[in-house]
Amino acid sequence: MSFSGRNELIARYIKLRCGKTRTRKQVSSHIQVLARKKMRDEQAKKKVCSAAFVLLCKTLIRRSARFQTLKLDTVIEKYPKLLTELFERGPSDAFFLAKCWANVSFDSSDTENSLYAVDSYYHSQQKFDISVSTKVCSFGNEVVEKVEVYSPDEENGHYSFRLERSPICEYMVKFISELKKLESRDYMNNVLENFTVLQVVTNQATGETLMVIGFVFEVNDLPEANCSIFRLVA
């Protein structure tokens, strides 16, 4: 049976049962609303783990803001050659490093009802789609990449991009699980010395580099994750 035929039968049933007239389009629209509500309810039942290393800390970065600077040479070995190539092309005010501290003392045994995800927010004065490339790196080499494209929502004359509850890749989930098995915080931090993330945000249409953020990580015992932001310079 086609969807249109199904919706017509439902409309007839509503007419017979309730005495109310509904078009096939109205029935279809209501079914979609119910489906979205069911999906939200199912997601709400999942436990969101705070172990997504990419955005363990809430960061607010404005390209025009003043940050403590850090020379690119001091961290370049932790990232693929792409970072150097992007830095040479510029713009020079688009490159940052986020040093993140995280507490991984959470229960991850219930894997079926756990969700490892990240939230990101971007703002722009202009309307365009953005491409967000997130590369997980080990010993300076790319291991896995996730690319997402987002369209903005208009809010009071400016545009906002909301990347909410974006699941992290299976590699990251396994990495976090294995990291938690290590005996001490020092062992964890030794492993994290060679683990980084590189996030590149570009204009989807033109390929223009909008923002590049390198992430480095340490484990600590503080209940809340925190981070420090540096501007990368030559």
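Residues are numbered from 1 along each chain as its sequence is written, and side-chain values rest on heavy atoms, with hydrogens and water left out. Because the model is predicted, local features need pLDDT of at least 70 and side-chain atom pairs count only at pLDDT 80 or more, whereas totals for chains, interfaces and linings use all residues.

The protein chain contains five helices and eleven strands; helices (H or I, at least four residues) and strands (E, at least two) are DSSP runs, numbered from the N terminus. Of its 234 residues, 39% count as buried, where buried means under 20% relative accessible area, exposed over 50% and partly exposed in between (1.4 Å probe, protein chains only). Contact denotes heavy atoms within 4.5 Å. Among contacts between residues at least 6 apart in sequence, 71% join residues at least 24 apart.

Several strand pairs were identified, two strands being paired if DSSP finds at least two bridges between them. Strand 11 (residues 226-233) takes part in two of the pairings described here. With strand 2 (residues 68-71), strand 11 pairs in the parallel sense over four bridges, and Leu 70 stands opposite Leu 232. With strand 3, the pairing of strand 11 is antiparallel and extends over six bridges; here Ala 98 stands opposite Ile 229. Strand 5 (residues 130-138) and strand 6 (residues 141-150) run antiparallel and are joined by nine bridges. In this pair, Lys 135 stands opposite Glu 145 of strand 6. The two strands form a hairpin with two residues between them.

Helix 4 (170-180) has four named buried residues, Met 172, Phe 175, Ile 176 and Leu 179. Viewed down the axis of helix 4, these residues fall within an arc of 95°, so they line one face of the helix; the arc is that of the directions from the helix axis to the C-beta atoms. Glu 170 and Lys 174 are exposed on the other side of helix 4. In helix 5 (residues 185-192), the buried residues are Met 188, Asn 189 and Leu 192. These too fall within an arc of 95° when seen down the axis of helix 5, and therefore line one face of that helix. Asp 186 and Asn 190 are exposed on the other side of helix 5. The buried residues of helix 5 pack against helix 4, strand 9 and strand 10.

Val 219, in strand 10, is buried, with a relative accessible area of 6%. Leaving aside neighbours within four places in sequence, Val 219 is in contact with Ala 102, Val 104, Leu 179, Arg 185, Met 188, Asn 189 and Leu 192. Leu 179 is one of the buried residues of helix 4, while Met 188, Asn 189 and Leu 192 are buried in helix 5. Val 219 and Ser 184 are 35 residues apart in sequence and 9.9 Å apart in space, C-alpha to C-alpha.

The second largest pocket holds about 150 Å³ of space. On a 1 Å grid over the protein atoms alone, a pocket is an open set of points with protein on both sides within 12 Å along at least five of seven lines, in contrast to a cavity, where a 1.4 Å probe fits but cannot get out; lining residues have an atom within 4 Å of a point. Grid points are joined across faces, edges and corners, and a volume is the space filled by probe spheres set on the points. The lining comprises Val 75, Lys 78, Leu 97, Lys 99, Leu 192, Glu 193, Phe 195, Thr 196, Val 216, Phe 217 and Glu 218. Strand 3 (95-102), strand 9 (195-203) and strand 10 (209-219) each supply at least two of the lining residues, and strand 10 contributes the largest share, three residues. By class, the lining has six nonpolar, one polar and four charged residues; Ala, Val, Leu, Ile, Met, Phe, Trp, Tyr, Cys and Pro count as nonpolar, Asp, Glu, Lys and Arg as charged, and the others, Gly among them, as polar.

Most residues other than glycine have a negative phi, and most peptide bonds are trans. A cis peptide bond joins Gly 90 and Pro 91, with omega about 5°; Pro 91 lies in the loop between helix 3 (81-89) and strand 3. Phe 139, in the loop between strand 5 and strand 6, has a positive phi near 55° and counts as exposed at 60% relative accessibility. Phi of Asn 156 is likewise positive, near 55°. Asn 156 lies in the loop between strand 7 (153-155) and strand 8 (158-167) and is exposed, with a relative accessible area of 80%.
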